[in-house]
Amino acid sequence: MLRYAVKRILLAIVTVFIIAAITFFAMNAIPGGPFDSEKATDPTTKATLEKRFNLDKPVPEQFVLYLANALHGDFGISLKTGREISTTISNCFGISARLGGTSVVLALLLGLGFGCLAALKRNRWADRTIIFITTLFVAVPSFILATLLLLVFCLKLGWFSVWSSSGASYVLPVISLMMYPMAYITRLTKSSMLEVLGQDYIRTARAKGVREAMVVAKHALKNALIPVITYVGPLTAYTLTGSMVVETVFTIGGLGREFVTGINNRDYPMIMATTIFLAVLMVIMTLISDLLYKVVDPKIDFN
């Protein structure tokens, strides 16, 4: 496993480098710049600002300079606010992590529970109801659900404020973020459970008189978790950084909204820093999910 982990870490470093390179060069290939605006900018002021942030240099040289600083933990300052990007990410990620972590935990618990119930009650009313609901939420994008929840429960009924630091303000964003992954995990769990429940060792356990709850929990569910683990790793990384659109809809000051704002403002350092942060988190969570295979099924060989 150690050899596999080292190989995956080296591959992760290459992956992050490629993502950073693609983002940087694509970002600079778009016409315009961070200091362009509707009002004409004084050429002298613009030239001074570009020199200050190395934007007057060739793009490949800018990329090398950025990587050199990033490797030392210096992601620069925002071109629009003048704040340290590392500080902004540190402050905003706490909000996104609470929101995303709650969403992932609820999606996982509800998805596993509903998936097991649908598999055990196959072709009955419970199964049909669960599949109908999950199909509905798989088809509805999170930003549509977020907008509907905002209109109904915030603006029409007034049950929730749009956003504040209170716990109640997390309810609607968490629901918006968790419904799609919960529905997808439910469908994954059901499909995997149905396959496992048809195996010989499950029939043998039942023939020996093992309680149904033990058969499901110890034998069936444990072996049905691998497809779910594959999905939950990248899902956790994405959700922990905050859904960009959902955070924007609910005006949550998380990392996702900072990324969207950075794109709108063409804030190059902010775009690069948030992209690299998301990429690193994604490869870490994917590696963890791969290593969890061995915990769930010791028979898996990584060599």
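A: First, a term: a crossing is left-handed if the near helix is turned anticlockwise from the far one by less than a right angle, and right-handed if clockwise. This is a predicted model: local features need pLDDT of at least 70, side-chain atom pairs count only at pLDDT 80 or more, and totals for chains, interfaces and linings use all residues. Residues are numbered from 1 along each chain as its sequence is written, and side-chain values use heavy atoms, leaving out hydrogens and water.

Q: Which hand is the crossing of α1 and α3?
A: The α1 and α3 crossing is right-handed.

Q: Which residues make the contact?
A: From α1: F17, A20, A21, F24, F25 and N28. From α3: V59, P60, Q62, F63, Y66 and L67. Contact means heavy atoms within 4.5 Å.

Q: And by class?
A: The contact of α1 with α3 has 10 nonpolar, two polar and no charged residues. Ala, Val, Leu, Ile, Met, Phe, Trp, Tyr, Cys and Pro count as nonpolar; Asp, Glu, Lys and Arg as charged; the others, Gly among them, as polar.

Q: New topic. Is T88 buried or exposed?
A: T88 counts as buried, because its relative accessibility is 6%. Buried means under 20% relative accessible area, exposed over 50%, partly exposed in between (1.4 Å probe, protein chains only).

Q: What does T88 touch?
A: T88 touches R83, E258 and M270, not counting residues up to four places away in sequence.

Q: Where is T88 found?
A: T88 sits in helix α4, residues 85-120. Helices here are DSSP runs (H or I, at least four residues), and strands are E runs of at least two, numbered from the N terminus.
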